[in-house]
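Colleague: I'd like to learn how to read a model like this one, feature by feature. Can you walk me through it?

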Amino acid sequence: MRLILLGPPGAGKGTQAERLVKEHGIPQLSTGDMLRAAVAAGTPVGLQAKAVMESGGLVSDAIVVGIIADRIEEPDAAKGFILDGFPRTVAQAEALADMLAAKGLKLDIVIDLVVDEAKLADRIIKRAADAKAAGQPVRKDDDPEVFKTRLAAYHRDTAAVRPHYAAKGMVQSVDGMQPIAQVAEAIDRILERAKA
Ligand code: AMP
């Protein structure tokens, strides 16, 4: 199963992807996590990405497409993967289609987590507070001001990804404002239908 989780920042993509990893045994490919790891390790990609990530902007298509192209070559991605935070532009979606086609593969489904954007800033504030309380590092971009820039980037570049896949009949929407367990159930029902 090769699927994409779509939705604005704070929609719950990472939470659902982590659960799917455990229950379906396919890896989560989160460009945000991979970029944060590159920043922490001080790699050339990390050095290029750090400032733009901290400001809430988007890292260049060339960088993230390169990261994903390398990652899907890893053996654990052979049986499928969950893309979380990628593609974030139509150009990334097209690059993904080309890389999969070159391997004779295609995407199975795109799940769009639909959320009330007015409530997202509160979720981000809570995520930062929870991380702090758990003694975990708080993401620099989980800050109300930076969040506004992230949401603006979503509207400017990423909102067009949904219609791109909808035109191919690949999108299934899930109400992402439900409790986590219910979002999970809705996603599982969609995946069951997709497998049938
Ligand atoms: P995320 O963890 O998905 O919210 O990503 C955190 C940050 O990493 C984003 O705000 C962007 O700066 C960068 N990023 C992650 N994925 C992408 C992507 N596919 N394209 C461009 N920038 C990305």
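**Reading burial, cores and helix packing**

Modeller: Let's start with a single side chain: Thr158 has a relative accessible area of 7%, so Thr158 counts as buried, the cut-off being under 20%. Keep in mind that this is a predicted model.

Colleague: Where does Thr158 sit, and what is Thr158 in contact with?

Modeller: Thr158 belongs to helix H7. Leaving aside neighbours within four places in sequence, Thr158 is in contact with Leu58, Pro87, Arg88 and Ala153.

Colleague: Pro87 is on that list. Where is Pro87 placed, and what kind of peptide bond joins Phe86 and Pro87?

Modeller: First the general idea: most peptide bonds are trans. Here, Phe86 and Pro87 are joined by a cis peptide bond, with omega at about 0 degrees. Pro87 is in the loop between S3 and H5.

Colleague: Next, cores. Which residues have the most contacts inside the largest nonpolar core?

Modeller: A core is a set of buried nonpolar residues joined through side-chain atoms within 4.5 Å. The largest one has 27 residues, and those with the most contacts inside it are Ile4, Leu35, Ile68, Leu83, Leu96 and Tyr165. At least two residues each come from strand S1 (2–6), helix H3 (44–55), helix H4 (61–71), strand S3 (81–84), helix H5 (90–102) and helix H8 (161–166). H4 supplies the largest share, 5 residues. Apart from this core lies another, of 21 residues, with Leu5, Ile82, Ile111 and Leu113 among them.

Colleague: What does Tyr165 touch?

Modeller: Not counting residues up to four places away in sequence, Tyr165 touches Ile4, Pro87, Ala93, Leu96, Leu107, Val110, Met170 and Val171.

Colleague: Now helix pairs. How do I read the packing of H4 and H5?

Modeller: Look at the axis angle, the handedness and the residues that meet. The axes of H4 and H5 come within 10 Å and cross at roughly 30 degrees. Angles under 35 degrees count as roughly parallel, so that is what H4 is to H5. Their crossing is right-handed. From H4, Asp61, Val64, Val65, Ile68 and Ala69 meet Ala91, Gln92, Ala95, Leu96 and Met99 in H5. By class, this contact has 8 nonpolar, 1 polar and 1 charged residues.

Colleague: And which residues meet between H6 and H7, and at what angle do the helices pack?

Modeller: Helix H6 (residues 120–133) packs on helix H7 (residues 144–158) at an angle of about 130 degrees, with the axes 10 Å apart. H6 and H7 are therefore oblique to each other. H6 passes H7 in a right-handed crossing. On the H6 side, Leu120, Ala121, Ile124, Ile125 and Arg127 meet Pro144, Phe147, Arg150 and Leu151 of H7. Those divide into 7 nonpolar, no polar and 2 charged.

Colleague: One for a loop, then. Is Ile72 buried or exposed?

Modeller: Buried, with a relative accessible area of 5%. Ile72 is found in the loop between H4 and S3. Not counting residues up to four places away in sequence, Ile72 touches Leu29, Ala77, Phe81, Met99, Leu100 and Lys103.

Colleague: How far apart are the C-alpha atoms of Ile72 and Leu29?

Modeller: They are separated by 8.5 Å, while the two residues are 43 residues apart along the chain.

Terms used. Residues are numbered from 1 along each chain as its sequence is written. This is a predicted model: local features need pLDDT of at least 70, side-chain atom pairs count only at pLDDT 80 or more; totals for chains, interfaces and linings use all residues. Side-chain values use heavy atoms; hydrogens and water are left out. Axes are lines fitted to C-alpha atoms, for helices over the stretch in contact, and angles run from 0 to 180 degrees between N-to-C directions. Helices (H or I, at least four residues) and strands (E, at least two) are DSSP runs, numbered from the N terminus. Angles under 35 degrees count as roughly parallel, over 145 as roughly antiparallel, 65 to 115 as roughly perpendicular and the rest as oblique. A crossing is left-handed if the near helix is turned anticlockwise from the far one by less than a right angle, and right-handed if clockwise. Contact means heavy atoms within 4.5 Å. Ala, Val, Leu, Ile, Met, Phe, Trp, Tyr, Cys and Pro count as nonpolar, Asp, Glu, Lys and Arg as charged, and the others, Gly among them, as polar. Buried means under 20% relative accessible area, exposed over 50%, partly exposed in between (1.4 Å probe, protein chains only).
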